[in-house]
There are 2 protein chains.
Amino acid sequence: MRGFFYFYLMNRAQLFEQIKKKQSYLCVGLDADMEKIPRHLLKTDDPIFEFNKQIIDATREFAVAYKPNVAFYESLGATGWESLQKTVDYIPSECLSIADAKRGDIGNTSTLYARAFFKNMDFDAITVAPYMGEDSVKPFLAFEGKWVILLAHTSNPGSEDFQLLETRSGKFIYEEVIFAGQRWATPDQMMFVVGATHEEKIDSIRRLAPDHFFLLPGVGAQGANLEVVSKEGMNQQCGMIINSARAIIYASTKEDFAEAARKEANKLQQSMSRLLDEYCR
Amino acid sequence: MRGFFYFYLMNRAQLFEQIKKKQSYLCVGLDADMEKIPRHLLKTDDPIFEFNKQIIDATREFAVAYKPNVAFYESLGATGWESLQKTVDYIPSECLSIADAKRGDIGNTSTLYARAFFKNMDFDAITVAPYMGEDSVKPFLAFEGKWVILLAHTSNPGSEDFQLLETRSGKFIYEEVIFAGQRWATPDQMMFVVGATHEEKIDSIRRLAPDHFFLLPGVGAQGANLEVVSKEGMNQQCGMIINSARAIIYASTKEDFAEAARKEANKLQQSMSRLLDEYCR
């Protein structure tokens with residue numbers, strides 16, 4: 001579907017327009033796993049793409065973004081990359097397509113990763129790991145109209161190991177990443193990954209970066225509370241995209257999986273509609 | 001070639017054996033770039049693999065490891081992954097095969113990356129980014145006999161941005177990573193990436209991790225001094241692998257590229273032989 005909108009790029013204002021129109025800030029995580037998708041799809045030519053296609057068709061009304069985690073495709077070798085390409089081509093142009101790749105390398109190498117995801121595959125956004133610093137992030141920013149989503153405070157238990165180390169000036173490392181990210185890029189080029197599981201910190205992170213969008217994983221299977229997270233993190237342009245993967249795409253693992261996914265996405269969208277009314281202002 | 005040694009895994013003692021036998025601790029970086037490889041190869045079916053194959057044949061006598069940087073292959077899409085698979089299959093079994101992938105994600109996702117590189121592609125080792133902490137690294141350690149090479153202090157300018165932040169206890173972040181890495185894994189499972197460009201710090205990093213192997217990029221195009229780095233970083237089992245990519249593989253970009261690569265690798269190996277005599281004891 002994206003082929004018809006070759007020059008379509010989604011800026012921050014357009015993203016907020018979609019959020020208002022759909023009354024949703026839902027991102028559906030396309031973590032398609034050969035061992036978990038419904039058995040009847042295994043008979044098709046490309047089960048992973050067929051699964052994603054039906055999930056996208058069923059949830060498009062309620063979602064503003066789709067995020068394939070690249071590991072799921074990479075673990076399938078060359079055919080996985082073909083399924084990923086077909087999937088990004090199929091993501092509707094009014095939705096942000098996010099490659100959850102967590103890449104990052106020295107400058108000339110990051111340029112190659114950027115080319116792979118932004119140019120060859122035409123994703124709108126990519127998640128980037130900050131550990132290697134500015135020259136590992138900048139090459140992704142050179143692609144005009146594309147988004148870097150920088151890992152700041154991730155949702156997993158290991159996020160405590162280094163991200164919560166305190167520097168001499170009394171800042172957490174994830175705060176240093178958020179400060180640096182704002183030096184490197186505008187809120188129109190960069191978002192931050194903030195785990196929804198850190199409910200108690202979202203308010204302070206919002207104060208650090210008042211204008212940036214956050215991508216929040218952790219609602220659903222990882223247990224974070226949508227209401228609390230939205231209340232603490234929303235800004236006047238919504239400023240957040242909440243990712244849910246397993247709770248939607250594996251709501252059923254039978255033939256009715258797409259319908260079940262639609263119901264889960266719809267439920268989240270209805271809550272989001274109410275939360276937008278209440279906190280986005 | 002690896003097919004004949006399906007159960008061949010390279011442990012630390014065997015790596016040191018190879019280093020003594022070849023009198024070399026050279027890793028050749030297989031950063032094959034379609035725009036830089038000799039023009040005459042473009043006529044072959046798989047120019048990237050053909051290039052790597054000839055580089056490997058020419059340098060095998062002088063190298064103990066080969067390290068394809070995955071970005072170069074990923075930027076070519078599905079065909080790039082096929083070239084990468086053929087390349088790792090071709091790396092001689094007496095050499096360590098390192099996927100320079102800098103991966104790292106939440107636990108269940110890191111497992112998929114580990115499966116992609118260790119099981120599907122049968123690499124001996126992979127570089128891993130530490131930012132997401134323990135549960136992002138541990139899944140790679142679950143593959144017995146395989147190596148995790150954790151980014152500690154990288155060679156690029158951006159290594160200053162976060163890796164050199166000082167914590168309240170007066171440690172650099174890269175030192176915290178090295179401490180954590182040693183809690184998570186033995187010197188038989190883990191190495192650390194230490195940029196050879198940080199010549200003045202290598203001695204103190206060696207004291208932090210006396211027994212672990214270091215993978216040192218930055219000699220060659222990035223300008224680090226082999227002599228200084230070896231003197232400061234070597235331990236009784238050598239404990240270091242020095243990577244050189246561009247200076248070897250693009251020593252000539254004409255039809256004599258393999259012969260030119262051989263000469264450069266040989267030059268490095270001769271220096272290394274002398275440095276092993278002097279400092280490995």
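## A residue in the last helix of chain B

R274(B) is found in helix α11 of chain B; helices here are DSSP runs of H or I with at least four residues, strands are DSSP runs of E with at least two, and both are numbered from the N terminus. This is a predicted model, in which local features need pLDDT of at least 70 and side-chain atom pairs count only at pLDDT 80 or more, whereas totals for chains, interfaces and linings use all residues. Residues are numbered from 1 along each chain as its sequence is written, with chains lettered from A and ligands numbered from 1 in the order in which they are written.

R274(B) counts as partly exposed because it has 13 C-beta neighbours inside 10 Å. A residue is buried if 20 or more other C-beta atoms lie within 10 Å of its own, exposed if 12 or fewer, and partly exposed in between, the C-beta atoms being placed from the backbone. R274(B) and Q23(B) are 251 residues apart in sequence, yet their C-alpha atoms are 8.5 Å apart in space.

## The overall form of chain A

Chain A contains eleven helices and eight strands. Its radius of gyration is 18 Å, close to the 19 Å from the globule rule for 281 residues, so chain A is as compact as a globular protein of that length. The radius is taken over C-alpha atoms, and the rule is 2.2 Å times the number of residues to the power 0.38. The C-alpha trace of chain A spans about 60 × 45 × 35 Å along its principal axes.

Of the 281 residues of chain A, 54% count as buried. Two residues are in contact if their C-beta atoms, placed from the backbone, lie within 7 Å. Among the contacts in chain A with a separation of 6 or more, 72% are between residues 24 or more positions apart.

## The nonpolar core

In soluble globular proteins, nonpolar side chains tend to be buried together. A nonpolar core is a set of buried Ala, Val, Leu, Ile, Met, Phe, Trp, Tyr and Cys residues joined through C-beta atoms within 7 Å. The largest such core has 190 residues, and those with the most contacts inside it are L26(A), I149(A), L150(A), L26(B), I149(B) and L150(B). Leaving aside residues up to four places away in sequence, L26(A) touches several residues, including F62(A), V64(A), I242(A), L268(A) and M272(A).

## Where the two chains meet

In the interface, 46 residues of chain B are in contact with 46 residues of chain A. On the chain B side, the elements that give two or more residues are α3 (70-74), α4 (78-90), α5 (107-120), α6 (134-141) and α7 (173-184). The largest share, seven residues, comes from α5(B). By class, the side of chain B that touches chain A has 19 nonpolar, 15 polar and twelve charged residues. Here Ala, Val, Leu, Ile, Met, Phe, Trp, Tyr, Cys and Pro count as nonpolar, Asp, Glu, Lys and Arg as charged, and the others, Gly among them, as polar.

## Helix α5 of chain B

The 14 residues of α5(B) should span 20 Å at 1.5 Å a residue, which agrees with the 19 Å between its end C-alpha atoms. The expected span is 1.5 Å times one less than the number of residues in the helix. At A114(B), α5(B) bends by about 25 degrees; the bend is the angle between axes fitted to the seven residues ending at a residue and the seven starting there.

The buried residues in α5(B) include L112(B), Y113(B), A114(B), F117(B) and F118(B). Their cover includes α3 (70-74) of chain A, together with β3 (96-103), β4 (125-128) and α6 of chain B. Just after α5(B), D122(B) takes a positive phi of about 60 degrees.

## Positive phi values in chain A

Most residues other than glycine have a negative phi. Q23(A) is not a glycine, but has a positive phi of about 50 degrees. Q23(A) lies in the loop between α1 (12-22) and β1 (26-29) of chain A, and is partly exposed, with 17 other C-beta atoms within 10 Å.

K102(A), also not a glycine, has a positive phi of about 50 degrees. Its place is in strand β3 (residues 96-103) of chain A. K102(A) counts as buried because it has 28 C-beta neighbours inside 10 Å.
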